[in-house]
Amino acid sequence: MNAVMGHLQFTKRAFAQDADQAMAGDIVRALIELITNADDAYGETDGPITIDVIHQDGEPTLVAVRDVARGLTPDQLAECFGVLGGVNQEFAAGGPVRGLLGRGAKDTATFGRTVFETIRDCVYGRFELRRDTVTLLESEPATDEHHASLEIPAGGSGLVATIHVEQPGIKIPTANRLADRLSTHVQLRRLTEQRQVVLRWAENGVRAPSQVIRWNRPAGEQIVDQEIDIEGYDTSAHLTLVRMPTPTDDRFGPYARHGLE
């Protein structure tokens, strides 16, 4: 018997299938990835996160997440968003960041294409990731126009990730519905309590009033509040239990106000 060594092939179709499954056609899942990335970029420092949804008749809807944190170099852009299965070095070093499997924001390309634009050390970088795994990386000295378009102060750094919703059948919730889902989703609750997150909505050039995204804890009697040591780990868990004012038989899920968070 002859044995032949080979390599597992990961095709463009496989990338699209995995991304479709990860996002499940839900733009909120994509926003969670981009918002938590922006929060990680700030680390322990203060700073806002801005979400833009731009509808223009006859054009793909644009969904963007902006920060004015540390930004990325062109090489970091390619490494962060152009490599599948890479190791998050800050995570591996024990840094306070999310992400382990090297996919994250890459899956947002399932909706069409995602463009990452950044300024760091006075250099503008642009990385485009398409659904068919085609990528494009550009860089040049940052100009006043770059700073203005990305809303990054002169001399500052930051990153804007823009999803071009080009795939048919993708539904974007209304402004109020999207704000409600972002403020109540379990993965964003602590984040929006601690950092300013703002949703801006524009329809055919007309901008609606901005909405602050913030989790409001449900009222109720606190019945447990204690620290619990975790055997084998150099840390502890803080357990808080709150009794709801009235019983509920609503289903459990990422938006439920009851259950274990």
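# Reading burial, packing and cores

Mentor: C80 is partly exposed, with a relative accessible area of 36%, and since we will read several such values, please keep in mind that this is a predicted model.

Trainee: Where in the secondary structure does C80 sit, and which residues does C80 touch beyond those up to four places away in sequence?

Mentor: C80 belongs to helix α3, which covers residues 74-82, and, once residues up to four places away in sequence are set aside, C80 touches L72 and K106.

Trainee: How should I read the chain as a whole, and how many helices and strands does the protein chain have?

Mentor: There are seven helices and 11 strands in the protein chain, and the C-alpha trace spans about 70 × 55 × 40 Å along its principal axes. Of the 261 residues, 38% count as buried, and among the contacts with a separation of 6 or more, 61% are accounted for by residues 24 or more positions apart.

Trainee: How do I describe the packing of two helices, and at what angle do α1 and α2 cross?

Mentor: Two packed helices are described by the angle between their axes together with the distance between those axes. Here the axes of α1 (residues 12-23) and α2 (residues 27-42) come within 8 Å and cross at roughly 95 degrees, which makes α1 roughly perpendicular to α2. Q21, A22 and M23 of α1 meet R29, A30 and E33 of α2, and the residues of this contact divide into three nonpolar, one polar and two charged.

Trainee: What does a nonpolar core tell me, and which residues have the most contacts inside the largest one?

Mentor: In soluble globular proteins, nonpolar side chains tend to be buried together. The largest nonpolar core in this model has 42 residues, and I35, F116 and L182 are those with the most contacts inside it; its largest share, 10 residues, comes from α2. Leaving out residues up to four places away in sequence, I35 touches I49, I51, V65, L182, L188 and L191. A second, separate core has six residues, including I119, L150, I152 and V160.

Trainee: Why is helix α6 described as largely enclosed by the rest of the structure?

Mentor: Seven of the 10 residues of α6 (residues 175-184) are buried, so this helix is largely enclosed by the rest of the structure. The buried residues are A175, L178, A179, R181, L182, S183 and T184, and what covers them includes α2, β1 (49-55), α7 (189-194), β7 (197-203) and β9 (211-213).

Technical notes: Residues are numbered from 1 along each chain as its sequence is written. This is a predicted model: local features need pLDDT of at least 70, side-chain atom pairs count only at pLDDT 80 or more; totals for chains, interfaces and linings use all residues. Side-chain values use heavy atoms; hydrogens and water are left out. Axes are lines fitted to C-alpha atoms, for helices over the stretch in contact, and angles run from 0 to 180 degrees between N-to-C directions. Helices (H or I, at least four residues) and strands (E, at least two) are DSSP runs, numbered from the N terminus. Angles under 35 degrees count as roughly parallel, over 145 as roughly antiparallel, 65 to 115 as roughly perpendicular and the rest as oblique. Contact means heavy atoms within 4.5 Å. Ala, Val, Leu, Ile, Met, Phe, Trp, Tyr, Cys and Pro count as nonpolar, Asp, Glu, Lys and Arg as charged, and the others, Gly among them, as polar. Buried means under 20% relative accessible area, exposed over 50%, partly exposed in between (1.4 Å probe, protein chains only). A nonpolar core is a set of buried Ala, Val, Leu, Ile, Met, Phe, Trp, Tyr and Cys residues joined through side-chain atoms within 4.5 Å.
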